[in-house]
Amino acid sequence: MISEKLSLTCDRLLSHQQLACSRSFCAAPLRSKEVLVYNNTDLQQKPLLLTGHHGDINAMTFGKRNIPVLLCSASADYVIVWDVENCQRKIQEGEIATGLVIGTLLGEVIHLSFCFSDERVAACSGAVIYVLNSKKQKVICTLTGHLGPLTSAEFCPWDRNILVSTSEDRTFKVWDLKTEAVLYQSFVLSASPLLSALFLEKNRHLITGSADGQCRLVTKMDLLKMEKNHQECQKTLSHHKGVCEQLVADKVELSKPVVQMSSCSSFIDLDSQKNIDNSWFCVGSTDGLYVVDPDTSQLLTVLHFKDNSDLSIATAGSWSFSLECDKSMVALVSSLFTPCVVLLEMFLAHLQRSEENDEGFSVFPSSSPLPESPLNAVLKNKEPNHPQKKGIKETPLVFHSKVKSSGYTSAARRFMFAPKINVKKTSPAKKTTGNGGFLHSSYPAGSVAPTVPSIDLSVVNKQVSCLQYSGDGKQILCGLGDCSLFLYKSSLAGCPTVYRGHDKPVSSVSWSLSRQWLLSASDDRSVRIWTNGSSVPAITMGDNMFSKPVRGAQFYYLDKFLLLASGPALYLYLYDVDTTRDDIKTYKQRSVFKLASCITTSTGITALSAINGFLSYIVLVSGSDRSIQVLDMNKGSVASVLPDAHSRATHCITQNKGSAFTGQTPESYNLFLSSAITDGVKLWDLRTLRCVRRYENHVNRCHPCSSAFSPCGRFIVCGSEDKCAYIYDIRSSTYLHRLQRHSDTVLSVAFNPATPELLTGTLDGKLRLFQCSTGSRLSCDTSAAVDHIPNVTA
């Protein structure tokens, strides 16, 4: 909702001039050399007229503090600081309102900014920044270094000695005001000049905005693209609700410059009267106001001028926001083509997230399976019919089952009795602890992320496509690009167990809960189940059963089913593993499997994820149409669709499955990650079906790099193409650790479920194990690890 509170007609065009606006006052130049100050709470009150400049006023701004209310105005001759309330009192007493001159002959000042204590003022003139004392006429320091004219300069709210400046040279600089030196200089960020900068104090982030409509937080956000995605989302929601609306796109696409930005992180809800905190920020552009969520890089809503016919402005030239948000936000906006200035009020409490959905889901079932549910399917094994033997019944010749030997064939006894003396007592065998050989009986609470490299191992010359730890954390299964599987001890010591049988690279691997069976899927359109140490797969699902390569396969529903995706279909198989074989017909497997259900989606499935550690009806699949679909296996149908989840098809979906060695809050298990090439990693909440955070510090341009949750649920790790692995705190979009010095692109990542360890696999077939600096390590007990089997070939 947007409303116009005040409209002023000026004597000249103020399209690109910095105006001043606070919660209580707004100011605009009058007759070029005078300042007109309005009281926002009482617009009928006579405005305050301030005189003192001899040249045209080019910039003005209010201070950050409420008491006293300071206003700074700048022209080519003077930079003046006014105490607004003191000036009002003097005029009421019949005196002349005067200000304090803090700078003279600084040139054409195009931007002013107070520090957060209102003690200093930054004035941008040409390519020079003048830091002035607001209490007296004194230049504290002069900063030079930009190659083009300056556009803005802002003080850091959490460090009083830090200043950030933007320039038409398309870069920004971070200055240390103590040493007057550059702490950081960015590269060229955009093809257009940078116009504005904004600090988000809550997350300690810096955002820059450019003339071509791009906001840069840690990544780039394009207003035009975000608006298109927002319209597509609105169109999809309207279609689901049965509302026939047609969104007509503009035939000519115009750039949306980021004229000014402001934080709107806190406001009061009009209905509940509660203070609502968020991380949103507003972007003032030429066609309206954009509200953006920096955690997800998504547009929440747009307030277009064209949608409000009662406004006196159609295209904005400059924006000035009030810093305080109560029930609404106030902004002073100048027209781009007409000499007009308007005071607008935006009610932020009515802004709603467009991607919110009333339909929420949970990984935990709320009721027992339906009678017709596919999950109730049971595999019935037929007993073999052995033919009865005809003829004389065989009967024993003696009445006892055992007959004692007469001893005629045994040697004669030479010694009748020999006592045993000095017998050494043997210590009883040590009982293995319930933690399965680990030093920690449970995953250490509050442990730091594993960042210390301990072991580097070269496996093969092909890629490590996928990794998965066993449930006890003692074994690691590696799917490789040379069509084989390697089974290592989690310490990577000794020779691995090697399983061969696939004809193309292995695409996914999975462990059963009992850790007795291994599942592998390959691009050769086959799925195999192996038993620990067996040379022949117990179950082979191939022979043209699937028309497309198997994109994902895993055990599901407490090992009751096999879940796999091929083409547009999701298959649910019952199975029974029988490792016994006929000595004559060794080629014939006695294990059986049966199709329980098949769900066909509208597009090809690129990735899937489901929880096997506990009963759950939810299965997540991603499609080639860039969507993510939520499947309810209890009903055997698609429950919900998230359209355009990424800009490209998702290649990896990872759920927060937790670990048997640690516990999390029940709500945490409803989180899942999705990864797409060139679009980073998104964190989703299944309860609201919306993206809640985005991670884009890593590089992912062409290879399907995977991601994983830590067992404690506090960290996520992502592979990257810059030969690094990135560890993020789940609460922050900025990476926590950057694990460097890998030999090639990091494709696969996996956390150990029992101890704080991280394993990475690269494109050139290398494994690297990371541990915590606190020394959480494996014990010497490796009784549950695989025995040494050099090579097992099917």
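These notebook entries record what I looked up about aromatic rings in this structure.

Entry 1. I worked from a predicted model. I looked up the total of aromatic pairs and found 19.

Entry 2. I then examined Trp158 and Phe199, whose rings form an edge-to-face pair with 5.5 Å from centre to centre and 90° between the planes. I located Trp158 in the loop between strand S14 (150-155) and strand S15 (162-167), and Phe199 in strand S18 (residues 194-200). The pair therefore ties together parts that are 41 residues apart in sequence.

Entry 3. I looked up the accessibility of both partners. Trp158 has 30% relative accessibility and so counts as partly exposed. Phe199, at 13%, counts as buried, because buried means under 20% relative accessible area.

Entry 4. I turned to Phe364 and Tyr669. Their ring centres lie 5.9 Å apart with the planes at 80°, so I recorded this pair as edge-to-face; planes over 60 degrees apart count as such. I placed Phe364 in the loop between strand S30 (340-346) and strand S31 (452-458). Tyr669 lies in the loop between strand S48 (650-655) and strand S49 (671-676), so the pair ties together parts that are 305 residues apart in sequence.

Entry 5. For accessibility, I noted that Phe364 is partly exposed at 33%, whereas Tyr669 is buried at 11%.

Entry 6. I also looked for an aromatic cluster and found one formed by Phe546, Tyr571, Tyr573 and Phe593.

Entry 7. Finally, I checked for a charge over a ring. The charged end of Lys64 sits over the ring of Phe116, at 5.3 Å from the ring centre.

Conventions. Residues are numbered from 1 along each chain as its sequence is written. This is a predicted model: local features need pLDDT of at least 70, side-chain atom pairs count only at pLDDT 80 or more; totals for chains, interfaces and linings use all residues. Side-chain values use heavy atoms; hydrogens and water are left out. Rings of Phe, Tyr and Trp (its six-membered ring) pair if their centres lie within 6.5 Å; planes under 30 degrees apart count as stacked, over 60 as edge-to-face and the rest as tilted. Helices (H or I, at least four residues) and strands (E, at least two) are DSSP runs, numbered from the N terminus. Buried means under 20% relative accessible area, exposed over 50%, partly exposed in between (1.4 Å probe, protein chains only). A charge sits over a ring if NZ of Lys or CZ of Arg is within 6 Å of the ring centre and within 35 degrees of the ring normal.
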